[in-house]
Amino acid sequence: MSKKILIVEDDHNISELLQLYLNNEGYQTVIANDGGEGIDQFRKFQPDLVLLDIMLPVMDGWGVLRTIRQDSKTPVIMLTAKGETSDKVTGLKQGADDYITKPFEMKEVLARIEAVLRRAGEGENGKEKPRRLVFDKLVIDLDSFELVVDGKRVETPPKEMELLYHLASSPNRVYTRNQLLDEVWGFDYFGDSRTVDVHIKRLREKLEGVSDRWSLKTVWGVGYKFEVV
């Protein structure tokens, strides 16, 4: 069965262009022209992925994203003219899976959609992988999105949790920034590596000095690893 994509975009030229290309690729699509309609269509259409603009009438993209994330993990790709790193980080912290800045090329949009859907599918089918990792004074529970450090629950944004879980799932393996963008965010090498650095820095603030049996290490000139000794 073909995947369903909801396009929430108030620029008719952009939404119709996206719909044309996505339909040609075999996706089922529905367009919503404002945030309120986006929420309604999300509930009716039950898409496999949402392309979501930020600057929308009625309810902006942040509001739509927060509403979706209240009870759904459906992948969301933010689609917006805003290109500042702070906007990207805001979107990712609020639960977006990817971020594309206008003007964009359809080849890039299609590649990112495929990457995000692939990761979502792997998450559904990867039942053999543990979703709860336990180390000395550290519990990473991806099912409940809980991080317990030295016996205390630490509030952690979803993408930070996913990044830490991904690194800790393969202790001592070194990941490049591009690998982490691809495998955690699904950027498929289109992403900004500074996004990874920002999330690593915030994780370090939560984990530094907790245990001498593991650590979040920088491998200079290469990337990062979760080192276990």
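Student: What should I know before reading the model?

Tutor: The model is predicted, so local features need pLDDT of at least 70 and side-chain atom pairs count only at pLDDT 80 or more, while totals for chains, interfaces and linings use all residues. Residues are numbered from 1 along each chain as its sequence is written, and side-chain values use heavy atoms, with hydrogens and water left out.

Student: How many helices and strands does the protein have?

Tutor: Helices (H or I, at least four residues) and strands (E, at least two) are DSSP runs, numbered from the N terminus. Here there are 8 helices and 12 strands.

Student: What share of the residues is buried?

Tutor: Buried means under 20% relative accessible area, exposed over 50%, and partly exposed in between (1.4 Å probe, protein chains only). Of the 229 residues in the protein, 49% are buried. Accessible areas come from the Shrake-Rupley method with a 1.4 Å probe; for residues, only the protein chains shown count as cover. The protein exposes about 11,400 Å². Carbon and sulfur atoms supply 47% of that area.

Student: How do I read contacts along the sequence?

Tutor: Contact means heavy atoms within 4.5 Å. Take contacts between residues at least 6 apart in sequence: 57% of them join residues at least 24 apart.

Student: Is Gln46 buried or exposed?

Tutor: Gln46 counts as exposed because its relative accessible area is 58%. Gln46 sits in the loop between helix 2 (35-45) and strand 3 (49-53). Leave aside its neighbours within four places in sequence, and Gln46 is in contact with Lys4 and Gln41. Gln46 and Lys4 are 42 residues apart in sequence, yet their C-alpha atoms are 7.8 Å apart.

Student: And Asp97, buried or exposed?

Tutor: Asp97 counts as buried because its relative accessible area is 11%. Asp97 lies in the loop between helix 4 (85-93) and strand 5 (98-101).

Student: What does the side chain of Asp97 make a polar contact with?

Tutor: A polar contact is a pair of N or O atoms within 3.5 Å; within protein, one must be able to donate a hydrogen and the other to accept it, and residues adjacent in sequence count only if both atoms are side-chain atoms. The partner of Asp97 is the side chain of Arg69, at 3.0 Å.

Student: In what order do the strands of the open sheet run?

Tutor: Two strands pair if DSSP finds at least two bridges between them. Here 4 strands form an open sheet in the order 6-7-8-9, with antiparallel pairing. Strand 6 and strand 9 (152-154) are the edges, each pairing on one side only. The twist averages 20° from one strand to the next.

Student: Which residues of strand 7 are buried?

Tutor: Strand 7 (residues 138-141) is covered on both faces. Leu138 and Ile140 are buried on one side, Val139 and Asp141 on the other.

Student: How does strand 7 join its partners?

Tutor: Strand 6 (residues 132-135) and strand 7 share 4 bridges. Arg132 has Asp141 as its bridge partner. Their hairpin has 2 residues between the strands, and Lys137 takes a positive phi near 60°. Strand 7 also pairs with strand 8 (residues 146-149), antiparallel, over 4 bridges. There Ile140 stands opposite Leu147, and Leu138 opposite Val149. That hairpin has 4 residues between its strands; Phe145 in the turn has a positive phi of about 50°.

Student: How do I read a helix?

Tutor: An α-helix has 3.6 residues a turn, so residues three or four places apart point the same way. The buried residues of helix 7 (residues 177-185) are Leu180, Leu181, Asp182, Val184 and Trp185. Just after helix 7, Gly186 has a positive phi of about 75°.

Definitions and conventions
Axes are lines fitted to C-alpha atoms, for helices over the stretch in contact, and angles run from 0 to 180 degrees between N-to-C directions.
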